[in-house]
Amino acid sequence: MFIRHEVVERIKREYPVGCRVELCQMDDPQAPPIGTKGTVIAVDDTGSLIMRWDDGSGLNVVYGQDYARRIS
């Protein structure tokens, strides 16, 4: 999926490295439970959040498919 550079930059501002998020939706059978909290470790060129979930999972929050809300 191609995403405009401006959108990726906006996501990086909204979800800076180190911020905390809570998972609201993820369409993956191995997804952490809804409500799981985690730390953003990067935003990739597709706008996906590269995550370190508190339960040990490392699944990314995929832009346009999954949803996590920033909590700090």
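## Terms and model

Helices (H or I, at least four residues) and strands (E, at least two) are DSSP runs, numbered from the N terminus. This is a predicted model, in which local features need pLDDT of at least 70 and side-chain atom pairs count only at pLDDT 80 or more, while totals for chains, interfaces and linings use all residues. Residues are numbered from 1 along each chain as its sequence is written, and side-chain values use heavy atoms, with hydrogens and water left out.

## The largest pocket

Let's start with the pocket, meaning an open set of points on a 1 Å grid over the protein atoms alone, where a 1.4 Å probe fits, with protein on both sides within 12 Å along at least five of seven lines. The largest pocket has a volume of about 160 Å³, that is, the space filled by probe spheres set on the points.

Its lining (residues with an atom within 4 Å of a point) counts 13 residues, and Tyr15, Leu49, Val61, Tyr63 and Asp66 lie nearest the centre. Helix 1 (5–14) and strand 4 (67–70) each supply at least two lining residues, with helix 1 giving the most, 3 residues. By type, the lining holds 8 nonpolar (Ala, Val, Leu, Ile, Met, Phe, Trp, Tyr, Cys and Pro), 3 charged (Asp, Glu, Lys and Arg) and 2 polar residues (the others, Gly among them).

## The cysteines

How many disulfides does the whole structure hold? The search finds 0, a disulfide being a pair of cysteine sulfur atoms within 2.5 Å. The closest cysteine sulfur to that of Cys19 is in Cys24, 13 Å away, which is too far for a bond.
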